[in-house]
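Let's take a walk through this model together, one stop at a time.

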Amino acid sequence: MSTETTTLTLSPGAVSLAQLRRIHAGGVRLALDEGARAGLLAAQATVQSILDAGAVVYGINTGFGKLAQTVIPPGRLAELQRNLVLSHAVGTGAPLAAGVVRLVLAAKAVSLARGHSGIRPEIVDALLALFNAGVLPRIPAKGSVGASGDLAPLAHLACVLIGEGEAELADGRVVPGAEAMRAIGLEPFVLGPKEGLALLNGTQVSTALALAGLFGAESVFAAGLMAGALSLEAIQGSIKPFDARIHAARGQPGQIAVAGAVRTLLEGSEIIPGHANCGRVQDPYSIRCIPQVMGACLDNLAHASRVLVIEANAASDNPLVFTDTGEVISGGNFHAEPVAFAADIIALAVAEVGAISERRMALLLDSGLSGLPPFLVRDGGVNSGFMIAQVTAAALASENKSLAHPASVDSLPTSANQEDHVSMATFAARRLGDMVDNTAVVVGIEAMAACQGIELKHQLKSSPLMEAEFDAIRAHVGFIEHDRYLAPDVESMRQWALGAQGRAWPAAVTAILPSHA
């Protein structure tokens, strides 16, 4: 089997969501589209021409933020940029995960390579060299309000480029920034005019965190859809609410897509026809309204993905260089409000995937509704079965309700009220990791319970696709005949929900996910 690593070519402004997903997952190398170098050089020349003319321009030869009126003499411009990086490296908390840092490196390289930042191409090359060598700057997770960009976390990235801070090598060793640079065959940079500011300004950290949250949300969405189909089979539910005509009559694209996916998943099931004799007129909403609820979640993920892929390609530092007129214009592209809203929307979807899953789990345990043994276990009383597993699911679904509160509605002024409205995008995106993990547990428990219900009730076979999923789950979690230590099973199902057991979801599901389409 070939071990050759795929190289992705980054075309600034045109990096796709599928490429970003691969960057997050790792196992690829990055190269910059050669066509971007002309723009980088032209922007750098524009900055130099401003200095040569003796003009005073914010970010090039002035202080920053509230100190923008302070003019810096030419002999101190390198000191200015270095001090900017060092003074802003005040992050705290655990380091960002490797996949997130990979996205930060790639997105920062893409942003700078748009040709509006005025930096040397060598700095972009260094960012890609770090990525390709598996040398990841240690970036603390906390300390950004999402405007003026992700200043503190990006300062920790920039520190490595100037030989400060820390980075983790491919072998796991954490080394000083200067050693990290030597590991890729470079000496630390002495930053030129505007280069430190260009590295620090931007939304790359909040965008990377939101993208990681989106990819995790896709995984738990897929798992939730599989778990819902298994639960439908376990209670011998009706397939009629998934009829394409119902969903076409409403016209919501996510709802149509989810209903179609469920029909495909259950095609050929021997269990479904039995619903005609089960005595229930209608299934509860958590089963019957899977297309309506999960479809709305899917539409939210699709919208968020569109916002985030734009932002990952954006020139979001400040000021921006426009080489056609020779102007350097100060604005506010570093304000991460689009990312904050996108992250909040993802949070709503993740919370709802878990909320409806927990309700299906509760349905499975209620023998009056499901027709299954109480708590999905024989010899109840002596055995508690899934009783407390559902309590765990309820606890995590409830926790997600609190975490889903929109972060974008908050703001706290910074920089002596110069930065008087901020996005809080970084926290909005960072909390998605916890929410995805919570929902993975919830849908994992549901899927495990649904498999138990199917075995307790049916001798019939489900559809080929669902039988394959059933077998994949049973390869890790066995039938519960008597109470046993369930924590390892719950963890195994969490991993299943995150797609971490090396088995792809059926094409009917992945085809409707934004980053797979």
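Is W505 buried or exposed? W505 is buried, because its relative accessible area is 11%, and anything under 20% counts as buried. Keep in mind as you look that this is a predicted model.

W505 has a partner. The structure holds 1 aromatic pair, and W496 and W505 are the two residues that form it. A pair of aromatic rings is described by the distance of the centres and the angle of the planes. Here the centres are 5.2 Å apart and the planes stand at 85 degrees, so the pair is edge-to-face. W496 is buried too, with a relative accessible area of 5%.

Now for the helices. Two packed helices are described by the angle between their axes and the distance between the axes. Start with helix 9, which spans residues 204-234, and helix 14, which spans residues 337-365. They pack at an angle of about 20 degrees, and their axes are 9 Å apart. That makes helix 9 roughly parallel to helix 14, since angles under 35 degrees fall in that class. Their crossing is left-handed.

Which residues do the touching between helix 9 and helix 14? From helix 9 come S206, T207, A210, G213, L214, A217, V220, F221, G224, G228, S231 and A234, and they meet V339, I346, V350, V353, R360 and L364 in helix 14. Sort the residues of this contact by class and you get 11 nonpolar, 6 polar and 1 charged.

Stay in this part of the model and find L432, which sits in helix 17 (residues 425-457). L432 is buried, with a relative accessible area of 0%. What does L432 touch, once its neighbours within four places in sequence are left aside? Its contacts are A210, G213, A343, I346 and A347.

Next, compare two other helix pairs. Helix 1 (residues 17-25) and helix 4 (residues 98-112) pack at an angle of about 130 degrees with their axes 7 Å apart. That makes helix 1 oblique to helix 4. L20, I23, H24 and A25 in helix 1 meet G99, V100, R102, L103 and A106 in helix 4. By class, this contact of helix 1 with helix 4 has 6 nonpolar, 2 polar and 1 charged residues.

Helix 11 (residues 253-266) and helix 13 pack at about 120 degrees, with their axes 7 Å apart. Helix 11 and helix 13 are therefore oblique to each other, and their crossing is right-handed. On the helix 11 side you'll find P253, G254, Q255, A257, V258 and A259, which meet I290, P291, Q292, M294, G295, L298 and D299 in helix 13. The contact of helix 11 with helix 13 splits into 8 nonpolar, 4 polar and 1 charged residues.

A94 counts as exposed, at 52% relative accessibility. Apart from neighbours within four places in sequence, A94 is in contact with I139, P140 and A141. A94 and A141 are 47 residues apart in sequence and 5.8 Å apart in space, C-alpha to C-alpha.

Most residues other than glycine have a negative phi, and most peptide bonds are trans. A147 and S148 are joined by a cis peptide bond with omega about 5 degrees, and S148 lies in the loop between strand 5 and helix 6. The bond from N318 to P319 is cis as well, with omega near -5 degrees; P319 is in the loop between helix 13 and strand 8.

As for phi, K194 has a positive value of about 75 degrees without being a glycine. K194 is in the loop between helix 7 and helix 8 and is buried, with a relative accessible area of 0%. M424 also has a positive phi, near 60 degrees. M424 belongs to the loop between helix 16 and helix 17, and it is buried at 13% relative accessible area.

Note on methods: Residues are numbered from 1 along each chain as its sequence is written. This is a predicted model: local features need pLDDT of at least 70, side-chain atom pairs count only at pLDDT 80 or more; totals for chains, interfaces and linings use all residues. Side-chain values use heavy atoms; hydrogens and water are left out. Axes are lines fitted to C-alpha atoms, for helices over the stretch in contact, and angles run from 0 to 180 degrees between N-to-C directions. Helices (H or I, at least four residues) and strands (E, at least two) are DSSP runs, numbered from the N terminus. Angles under 35 degrees count as roughly parallel, over 145 as roughly antiparallel, 65 to 115 as roughly perpendicular and the rest as oblique. A crossing is left-handed if the near helix is turned anticlockwise from the far one by less than a right angle, and right-handed if clockwise. Contact means heavy atoms within 4.5 Å. Ala, Val, Leu, Ile, Met, Phe, Trp, Tyr, Cys and Pro count as nonpolar, Asp, Glu, Lys and Arg as charged, and the others, Gly among them, as polar. Rings of Phe, Tyr and Trp (its six-membered ring) pair if their centres lie within 6.5 Å; planes under 30 degrees apart count as stacked, over 60 as edge-to-face and the rest as tilted. Buried means under 20% relative accessible area, exposed over 50%, partly exposed in between (1.4 Å probe, protein chains only).
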